[in-house]
Amino acid sequence: MLKILYEDKAAVIIEKPAEMLSEPSAGGDDVITVLSAQLGARCFPVHRLDRGTGGAMLIAKTSAAAAEFSRLIQERSGFEKKYLAVISGVPEEAEGRFEDLLFKDSQKNKVFIVKRERRGVKKAVLEYRVLKTLEHGGKPCSLVLVKLVTGRTHQIRVQFAGRKMPLLGDGKYGSRDNKCETALWSFMLSYKDPQSGKTVFASSLPPKEYPWNMFDTENLVWQEDADA
């Protein structure tokens, strides 16, 4: 059974387990199929999370709501997503903004940073804040809070890896740490309800296991978010 963080007539925000698919699959072991059975009604995807990424995820209860939420996301209007990530190394600045051009190679299911705009290339923008840095295995690693300005495939993973700071466990993009899955978690999701105009907010903390258990994630995150 999926953990429900928020629910109303139009939408549900659930805590997606890591390793569960975001979109309908033949095996039925995906968020949409499981939640539809849990609620006894058909649900509709609004956005996706990588298979290995868990945390807050918005799902619509009607096709009309799904279309409206998709519009909000595309227009970047009142829809905000923040993630937690554990990266190898330390950014040069304690907080900052990354802007890149990304190209997705569909055959390899991998995304690359490119220098020039061309067909299939999309601009990617994120903002980050370092919450804590520590030594692990003789090398530094950092817990960062990431706010997505755009939502591109593998965006956070690629933009940090492109600066030689891959997420722990992310072998696809250069991490040598194979002790965990990709250290990325959907921490917070908020949006302005298109019908009522009220702001909906839900949050989810990563599990207390490696690499998250190296950091006091709960206290660090709440304090940092309160100060932002």
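The protein chain holds four helices and 11 strands. Its radius of gyration is 17 Å, close to the 17 Å that the globule rule gives for 228 residues, so the chain is as compact as a globular protein of that length. The C-alpha trace spans about 50 × 45 × 35 Å along its principal axes. Of the 228 residues, 47% are buried. Among contacts with a separation of 6 or more, 61% join residues 24 or more positions apart.

The accessible surface of the protein chain amounts to about 12000 Å². Carbon and sulfur atoms contribute 46% of that area. The chain carries 35 positive and 30 negative charges.

Confidence was examined next. The mean pLDDT of the protein chain is 91. A value of 70 or more is reached by 96% of the residues. Helix α3 (residues 155-161) has the highest confidence, at a mean of 98. The lowest is in helix α4 (residues 217-227), at a mean of 61. Where pLDDT is low, the predicted coordinates should not be read in detail.

Ala-10 sits in the loop between β1 (3-7) and β2 (11-16). Its relative accessible area is 23%. Ala-10 is therefore partly exposed, since buried means under 20% and exposed over 50%. Beyond its neighbours within four places in sequence, Ala-10 is in contact with Ile-59, Ala-60, Lys-61, Thr-62, Ala-65 and Phe-69. Ser-63 is 53 residues from Ala-10 along the chain. The C-alpha atoms of this pair are separated by 9.5 Å.

Technical notes
Residues are numbered from 1 along each chain as its sequence is written. This is a predicted model: local features need pLDDT of at least 70, side-chain atom pairs count only at pLDDT 80 or more; totals for chains, interfaces and linings use all residues. Side-chain values use heavy atoms; hydrogens and water are left out. Helices (H or I, at least four residues) and strands (E, at least two) are DSSP runs, numbered from the N terminus. The radius of gyration is taken over C-alpha atoms; the globule rule is 2.2 Å times the number of residues to the power 0.38. Buried means under 20% relative accessible area, exposed over 50%, partly exposed in between (1.4 Å probe, protein chains only). Contact means heavy atoms within 4.5 Å. Accessible areas come from the Shrake-Rupley method with a 1.4 Å probe; for residues, only the protein chains shown count as cover. Lys and Arg count as positive and Asp and Glu as negative; His and the chain ends are not counted. The place of a charge is taken as NZ of Lys, CZ of Arg, CG of Asp or CD of Glu. pLDDT is the predictor's confidence in each residue, from 0 to 100.
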